[in-house]
Each structure stands twice: as structure tokens, then as C-alpha cells.
Amino acid sequence: MKEEIRQKISMSLYHGARIVLGIVFVYASYDKILHPAAFAKIIYNYRILPDELINLSALFLPWLELTIGSLLIIGVWLPGSVFISNILLIIFFCALMYNKARGLDISCGCFSTSLDDAPQSNLYILRDFGFIVISLYLFVKVFITNSAGIKSPFRRTP
Amino acid sequence: MTFNSGQIWMKTIKQIFFIALIVLVAGFASNMLRSDKIPLVEDWSAKSNLVTSSGENLEISLAEASNLFKKGGGAFIDARSRAEYDAGHIKGAKSLPYKEADWKFVEAMDGISEDSALITYCDGETCELSMELAIFLRNTGYKNVKVLSNGWSVWKQNGLPVETGE
């Protein structure tokens with residue numbers, strides 16, 4: 001009985017995390033899909049990507065966020081979407097840290113393409129770290145403890 | 001023994017491939033259909049904020065700016081608000097907030113000849129006050145106006161001389 005309750009809590013946590021992260025990604029993609037030119041300007045302001053990649057990123061990154069966000073919410077193709085989600089969040093984290101380290105006070109462009117927000121890099125970094133925690137938890141669940149019902153390379157056969 | 005090792009990774013790779021396909025199609029299609037489409041590749045260097053409409057690049061590097069500072073050959077003009085200026089500015093800089101430039105200009109530029117090298121600055125990568133002020137000053141007759149991008153931040157970080165107060 002106890003084991004059953006534990007399992008239930010674990011499963012709700014897993015599905016909750018998946019849906020929350022999915023909503024975050026879908027929400028993040030919305031404004032950027034509507035305003036690719038403004039988003040390109042934000043990517044340019046990060047001063048990380050070469051010029052040739054700025055517009056391509058502005059065009060495809062929001063759609064990638066929308067796609068994996070939707071997949072996370074629906075709960076299909078989880079290995080693929082959870083994997084990409086981890087990669088994306090870690091890239092964002094590095095970009096934010098890098099620009100904080102060299103003192104660039106720029107708009108995050110995380111959830112909006114507006115330039116006017118007073119930049120608060122600490123908040124952006126902390127927030128992204130929170131998402132990474134959720135995303136890594138899902139990675140462990142999907143790839144290691146096999147919650148999605150997928151055969152895992154890390155689990156022994158019973 | 002692991003159980004069908006590699007199977008989940010094959011699945012993952014396959015899914016990533018299809019996700020990439022969806023994203024490519026959606027991204028291209030949405031850009032084709034929208035009225036304000038953006039070019040796939042754009043020359044951002046030429047689009048720099050620090051290029052005038054006539055194509056002249058007003059940017060000055062920190063090295064050049066600090067050289068001028070050391071030689072005493074240039075005047076620094078702070079385009080930010082007076083309050084930000086008072087809280088800290090490049091040593092010896094004059095305050096000429098862009099938003100008040102029209103009526104503060106005569107007082108602020110008193111004693112600076114039209115031939116002297118001027119360097120405007122504000123704070124933040126996306127701050128456009130310094131560029132606007134530079135264009136304003138050029139229109140009033142100053143020929144040698146440059147912009148130190150993200151000036152206050154880079155100046156401070158490099159430990160160059162600053163001062164506070166009026």
C-alpha cells in the first residue's frame with residue numbers, strides 16, 4: 001500500500017514537471033514567433049553568434065521551443081524532447097553566464113522580445129537554473145529510471 | 001546485463017531528427033507567409049547601430065578612447081540622465097543628457113571647440129542615447145564625434161578613471 005502511494009506521488013511529480021516545462025517552452029516561443037526581427041536583434045545583442053547564424057536562430061529557435069513544449073505537454077516523443085530541452089536550457093545558461101561575466105547588460109529575450117526591460121541577469125540565470133533542474137529531473141526519469149515506459153540502457157532486467 | 005542497450009538512444013536520435021524536420025518546415029513556412037519576413041542571412045556588422053545614415057561608422061574602440069583620455073585630447077560627453085551621471089561617470093566627462101540636449105547644449109558645450117574630438121557614451125549594449133547624441137552634435141557643427149559603445153560599463157570594468165558627483 002505504502003509503495004503504491006509512493007509510486008503515485010512519483011508519477012504525479014513526473015507528469016507535473018513535464019507539463020510545467022512544456023508550458024514554459026510554449027509560452028516562451030509565443031512572442032518570438034510573432035516578432036522574429038525583434039528577436040534577431042536580441043540575439044545580436046548577445047554578441048555570441050556569428051552574423052550568419054543570427055537570423056536563422058531567430059527564425060527556428062522559437063519553433064523548436066514551441067515544438068518540444070507541445071511534445072512535453074502532450075507527453076509523446078519524450079526522449080527526443082527532453083534531450084533537446086536539456087541542451088537548450090544549458091546553452092541558454094552558458095550564454096547568460098558568459099554575458100554576465102563580461103558585463104554585458106542585455107535584455108534576456110527569454111520570454112519577450114521587448115528591449116525596454118531593465119536587464120537583470122541574476123534573475124535570468126536563477127530562473128534558467130530552475131528550469132534546468134526540472135529538465136534534468138525529467139532526463140533522469142525518462143532515460144534512467146524509465147518512467148516513460150521505454151526500455152532503458154541503464155536498467156537491469158528484473 | 002543491460003536491457004536492449006542503445007534502443008532508447010536510437011529512439012532519441014530518430015525523434016530529434018523528426019523534431020528538427022518539423023522545426024525547419026514550420027520556420028521556413030512561417031517566414032515565407034508573413035508580411036514582415038526576415039532574410040535568412042543578414043549582414044549585422046553593416047547594420048550596426050553606430051553607422052550613420054550616410055554610412056559612416058562612429059564607433060570608437062575602448063583602446064582608442066582611453067588613449068585619447070590619457071593624452072587629454074578628447075572630451076567625453078555623458079548622454080545619460082543627470083542622476084546617472086552624478087552617481088558615477090568617466091572622469092572629466094561633461095553631462096549632456098540626450099533628452100535635454102536641445103536646451104542644455106549651449107551650457108554643456110561651453111568652451112569646447114568644434115574641432116575637438118568628442119566621445120559620447122551611455123550605458124548598456126542596447127543603449128542608443130549616445131548614438132543619438134552623437135548625431136545631434138554632428139548636426140550642430142562638431143565634426144569629430146565618436147561613440148563609445150556601452151561606454152560606462154566597459155570603462156568602469158577596465159578600471160579606467162571615474163568620478164562621482166557634479
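User: Which hand does the crossing of α4(A) and α5(A) have?

Analyst: The crossing of α4(A) and α5(A) is left-handed. Bear in mind that this is a predicted model. The two axes come within 9 Å and cross at roughly 155 degrees.

User: Why are α4(A) and α5(A) called roughly antiparallel?

Analyst: The cut-off for that label is an angle over 145 degrees. The axes of α4(A) and α5(A) cross at roughly 155 degrees, and therefore the two helices count as roughly antiparallel.

User: Which residues have the most contacts inside the largest nonpolar core?

Analyst: They are Ile43(A), Ala58(A) and Ile68(A), in a core of 39 residues. At least two residues of this core come from each of α1, α2, α3, α4 and α5 of chain A and from α1 of chain B. The largest share, 11 residues, is supplied by α3(A). Leaving aside residues up to four places away in sequence, Ile43(A) touches Leu49(A), Ile54(A), Ser57(A) and Ala58(A). Another core, of 29 residues, lies apart from it and includes Ile60(B), Ala65(B), Leu118(B) and Trp152(B).

User: How do you know that the span of helix α1 of chain B agrees with its number of residues?

Analyst: At 1.5 Å a residue, the 27 residues of α1(B), residues 7–33, should span 39 Å. The end C-alpha atoms are 39 Å apart, so the two agree. Several residues of this helix are buried, namely Ile8(B), Thr12(B), Gln15(B), Ile19(B), Val23(B) and Gly27(B). The buried residues of α1(B) pack against α3, α4 and α5 of chain A.

User: Why is Asn150(B) called buried?

Analyst: The label needs 20 or more other C-beta atoms within 10 Å. Asn150(B) has 23, so it is buried. Asn150(B) sits in the loop between β5 and α6 of chain B. Its phi is near 55 degrees, a positive value in a residue other than glycine. Most residues other than glycine have a negative phi.

User: What makes Arg47(A) partly exposed?

Analyst: Here the count falls between the limits: exposed is 12 or fewer and buried is 20 or more. Arg47(A) has 14 other C-beta atoms within 10 Å, so it is partly exposed. Arg47(A), too, is not a glycine and has a positive phi, of about 55 degrees. Its place is the loop between α2 and α3 of chain A.

User: How many helices and strands does chain B have, and what pattern do they follow?

Analyst: Chain B has 6 helices and 6 strands. Along the sequence they run α-α-β-α-β-β-α-β-α-β-α-β. Of the 166 residues of chain B, 30% count as buried. Among contacts in chain B with a separation of 6 or more, 64% join residues 24 or more positions apart.

How values were computed
Residues numbered from 1 in each chain as written. Chains lettered and ligands numbered in written order. Predicted model: local features only at pLDDT ≥ 70, side-chain atom pairs only at ≥ 80, totals over all residues. Helix = DSSP H or I, 4+ residues; strand = E, 2+ residues; numbered from the N terminus. Expected span 1.5 Å × (residues − 1). Contact = placed C-beta atoms within 7 Å. Core = buried A, V, L, I, M, F, W, Y, C linked by C-beta atoms within 7 Å. Axes fitted to C-alpha atoms, helices over the stretch in contact; angles between N-to-C directions. Parallel < 35°, antiparallel > 145°, perpendicular 65-115°, else oblique. Left-handed = near helix turned anticlockwise from the far one by under 90°.
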